[in-house]
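Me: I've got a model open and want to talk through how its pieces pack and pair. Can we take it one question at a time?

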Protein chains: 2
Amino acid sequence: MAEKQFVTQIADINEDFPQWYTDVVLKTEMVDYGPVKGTMIIRPYGYAIWELIQKQLDGRFKEHDVQNAYFPLFIPESFLMKEAEHVEGFAPEVAWVTHGGNEKLAERLVVRPTSETIICDMYSKWVQSWRDLPLKCNQWCNVVRWEKATRPFLRTSEFLWQEGHTVHATEEEARQETITMLNVYREFAENVLAIPVFCGQKSEKEKFAGASATYSIEAMMLDGKALQAGTSHFLGDHFSKVFDIKFLDKDGELKFVNQTSWGVSTRLIGGIVMVHGDERGLKLPPAVAPIQTVIVPIAAHKEGVNEKAEEIANLLKKNDIRVKLDDRDASPGWKFNEWEMKGVPVRLEIGPKDIEKNQAVLVRRDTHEKIFVSLDNIENTVKELLATVQKDMLEAARAHRDAHTCNAENWEEFKEAIENKNFVYAPWCEEKECEEAIKKETGATTRNVPFDAESVEGCTCVHCGKKATTRIYFAKSY
Amino acid sequence: MAEKQFVTQIADINEDFPQWYTDVVLKTEMVDYGPVKGTMIIRPYGYAIWELIQKQLDGRFKEHDVQNAYFPLFIPESFLMKEAEHVEGFAPEVAWVTHGGNEKLAERLVVRPTSETIICDMYSKWVQSWRDLPLKCNQWCNVVRWEKATRPFLRTSEFLWQEGHTVHATEEEARQETITMLNVYREFAENVLAIPVFCGQKSEKEKFAGASATYSIEAMMLDGKALQAGTSHFLGDHFSKVFDIKFLDKDGELKFVNQTSWGVSTRLIGGIVMVHGDERGLKLPPAVAPIQTVIVPIAAHKEGVNEKAEEIANLLKKNDIRVKLDDRDASPGWKFNEWEMKGVPVRLEIGPKDIEKNQAVLVRRDTHEKIFVSLDNIENTVKELLATVQKDMLEAARAHRDAHTCNAENWEEFKEAIENKNFVYAPWCEEKECEEAIKKETGATTRNVPFDAESVEGCTCVHCGKKATTRIYFAKSY
């Protein structure tokens, strides 16, 4: 009975996906609701995933000569007001500090929703000459956006993220950096999170407030909805002109820098849940699984079982596998269910009969496949299996996405495809009114224009019938 | 001349220590002032030190089964108000959020000055049974305290820190945890930061607002002042009673948990500067030096010099030494000064004559000693030298501290010792009025009572002459 109870605690993934999501993130103890509306507590199991994300992404940033730094949480109101589009985009959703130490502040402070303005203020002091460029800083920090409708990881009033901010001597170099960092995100999403993504440029309406151009990686969730999983912005000289970031170039002229910013957040954790989960709960890609292999002793009361289990645990640990030996006083079935719900990629079972045969049973979380393997060289067998699971999970996610991505050349096809929970790739006129009408009628929004978008010569907009100027992905989204 | 300029940019360490400190932290580009009063930007060179602190301390926490998590920045006003001493201690120095998303909030929010209250609120949900205990979470985050007099790293309105929060089934276990974590800090300060510390218990006046007992590690700066470098609090059941953190014990009874909290902050970076620096600037212990060895090619225009320098750099890198090859177009002397100011522990010089002799010149930052070494096995030679520097820096700091620590049995001795910039260990009555009078007269505050404090039988208080009840360290402090 205990076995059943675990599973029935989670809503049916096919009947109520949103409730399934909430059940999974709460019951696996990844997250809890905070006392202030829209805030979350990232519990140890969720935070361990974030640490693995941080570590692996941070290494990639450093390979690109990005340095970490820390900029203040509080931004003077006057900073936010400097860049016209930026203030319009962010002012309605910020939290305001008005009092400090029992005194009313002379100027209100914004709790950072993003740090372009305060970083620009510092860059204007630090950058003097072409020798100071490029300057590339990143920070891992918390940001606050006063959201109305919130969901753990996906949209919360406070979240954790990284924000990279770079300034360059030329527009070309800044544009290049924007794309380079987008590609870092793409490669990371695929190889670490096992999430395939569409890369491309956002529409004018969907771009970052203050950017010249925004690029994104877009992932498909199991319910066919899109999750914008990371963005990279080419900011041009919008901010450098209002914050006066100038440098003396080699040719002796004073010039404004060109700028980029790019970020991913704890929202990625929600993406992992919604790309890989199933009716039993979480499925974690090995690269971000806090526990990669759980060892469950069978008939643990029998002589030698616990000792053997411990021996294997130590051997795997020594080989840099994140392993947990579950020696609690509970039935194996109960343990199987718990660790399946928690998404541990590989389970290793070992009982008296296995020991007799010098074998162990490995069970894959992604396919439920059961494999009998020799205890000789078990550390490499597990390592290889984890690598296989990582690869197969990406391919499974890709297959799901590709099966739910289609083209539409006319409005009927478009509507049907969106209703059937697809990403729809379609010719479009790029007009804001048309974009808003499509959203109103179908709930779908533009995702991005791929870099290799086919020609639209002679095509008409899938919705309004005017001349199409591009091809773009549409989808309902989180 | 360039050589001189670097040094003269820094105030004389013997004449104006506070200005020397400010010059060093700004000119080495560790930190900059933020636009909001009392805030700082931790620049890449300073942040890299913080990352090394984080990594090495976090590993120690995890060895003690502490798990990382993340709790919200905003705390409802009502939470702060629950524990009487806590609110008295923190309410006067918090920042208040009153508006979110253009609307006035129903309840004001505190920007966390510390997270006991919000963590207790969650623990009261998470803890039900003795099986849930002990529960040990830590978070690395920013906190805000509206300070009047601020200095980079040492006291800022916003700073970064870690705060560990544990709950236990028994008072004894919680008291044990408090001391265990204090010892983690002591060992870390000594072996990683090369800072010797006095461990012990704070006075009633100096303890954390809401704690039963506070313990600290106290370090001596080069000017003889104390820096409280880390604290560990035994909170008893003060918070668990007001936040209702109860568990069903093995004996079937509902009991309140016993609790600890402990933290260190970016203030440690200021401590490193003020314990180890000299007239030329920073001196970084190798364990927290972002660059452990800088390679400066001599007569770099000569054939083969740059190639050899690069070859050595790659070899050291491969051996996990944090190395930088300074191949900029500047004089060696200019480079020497810059890297000395930035505190790089070992400089490696290599020129045509060295290559001829199959040697390199190593220069220690801590002692200025110049050592000619063979290029054979250079990676191990450098590694061993770094280990020696690390050890010797701790011993040098210990020697300085011990030379400036003394006993005082009467008030004349006490005043003279404090005037002469000493830590003074003296018998004391433990009365708050006496503590305040001592501070008023001499500027010295109580630091802590060591665990092995000698008996005070028959002794009188060094200040008021009443019966002494303990022996405690006094010092002026940051």
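Me: How are α10(A) and α13(A) set relative to each other: roughly parallel, roughly antiparallel, roughly perpendicular or oblique?
Reply: This is a predicted model, so keep that in mind throughout. The axes of helix α10 (residues 305-318) and helix α13 (residues 378-403) of chain A come within 9 Å and cross at roughly 60°. Under 35 degrees would count as roughly parallel, and roughly perpendicular covers 65 to 115. The pair is therefore oblique.

Me: Which residues of α13(A) make the contact with α10(A)?
Reply: α10(A) passes α13(A) in a right-handed crossing. From α10(A), the contact uses A:I312, A:L315 and A:L316. By class, the contact residues are five nonpolar, no polar and one charged. On the α13(A) side they are A:I378, A:E379 and A:V382.

Me: And over in chain B, what is the hand of the crossing where α10(B) passes α13(B)?
Reply: Helix α10 (residues 305-318) and helix α13 (residues 378-403) of chain B pack at about 60°, with axes 9 Å apart. That makes α10(B) oblique to α13(B). As for the hand, α10(B) passes α13(B) in a crossing that is right-handed.

Me: Which residues of α10(B) make that contact?
Reply: α13(B) brings B:I378, B:E379 and B:V382. The residues of the contact divide into five nonpolar, no polar and one charged. From α10(B) come B:I312, B:L315 and B:L316.

Me: Which residue of β5(B) stands opposite A:W96?
Reply: β5(A) and strand β5 (residues 95-100) of chain B run antiparallel and are joined by five bridges. In one of the facing pairs, A:G100 stands opposite B:A95. For A:W96, the residue opposite is B:H99.

Me: What is the phi of B:G101, in the turn between β5(B) and β6(B)?
Reply: Within chain B, four bridges join β5(B) to strand β6 (residues 103-111), and the two run antiparallel. B:G100 has B:E103 as its bridge partner in β6(B). The two strands form a hairpin with two residues between them, and B:G101 in that turn has a positive phi of about 55°.

Me: Now the eight-strand sheet in chain A: which are its edge strands?
Reply: The sheet is open, with mixed pairing, in the order β3-β7-β8-β14-β11-β10-β9-β23. Inside that order, β7 (residues 135-144) and β8 (residues 158-168) of chain A pair in the antiparallel sense over 10 bridges, and A:W140 stands opposite A:Q162 in β8(A). The strands that pair on one side only are β3 (67-68) and β23 (449-450) of chain A.

Me: At what angle does α7(A) run to β11(A)?
Reply: Helix α7 (residues 171-191) of chain A lies across β8, β9, β10, β11 (226-236) and β14 (258-265) of that chain. Its angle to β11(A) is about 165°.

Me: Which strand supplies the largest share of the side of domain 1 of chain A that touches domain 3 of chain A?
Reply: Chain A is divided into domain 1 (2-276), domain 2 (291-384) and domain 3 (406-475). The C-alpha centres of domains 1 and 3 of chain A lie 27 Å apart, and 16 residues of domain 1 are in contact with 16 residues of domain 3. By class, domain 1's side has four nonpolar, five polar and seven charged residues. Its largest share is four residues, from β9(A).

Me: Last one: which residue of β24(B) stands opposite B:P427?
Reply: Chain B has an open sheet of four strands in the order β20-β21-β24-β22, with mixed pairing. Its edge strands are β20 (405-407) and β22 (445-446). Strand β21 (residues 423-428) and strand β24 (residues 470-475) of chain B pair in the antiparallel sense over five bridges. Opposite B:P427 stands B:R471.

Methods:
Residues numbered from 1 in each chain as written. Chains lettered and ligands numbered in written order. Predicted model: local features only at pLDDT ≥ 70, side-chain atom pairs only at ≥ 80, totals over all residues. Pairing = 2+ DSSP bridges. Domains from an automatic or database assignment. Contact = placed C-beta atoms within 7 Å. Nonpolar A, V, L, I, M, F, W, Y, C, P; charged D, E, K, R; others polar. Axes fitted to C-alpha atoms, helices over the stretch in contact; angles between N-to-C directions. Parallel < 35°, antiparallel > 145°, perpendicular 65-115°, else oblique. Left-handed = near helix turned anticlockwise from the far one by under 90°.
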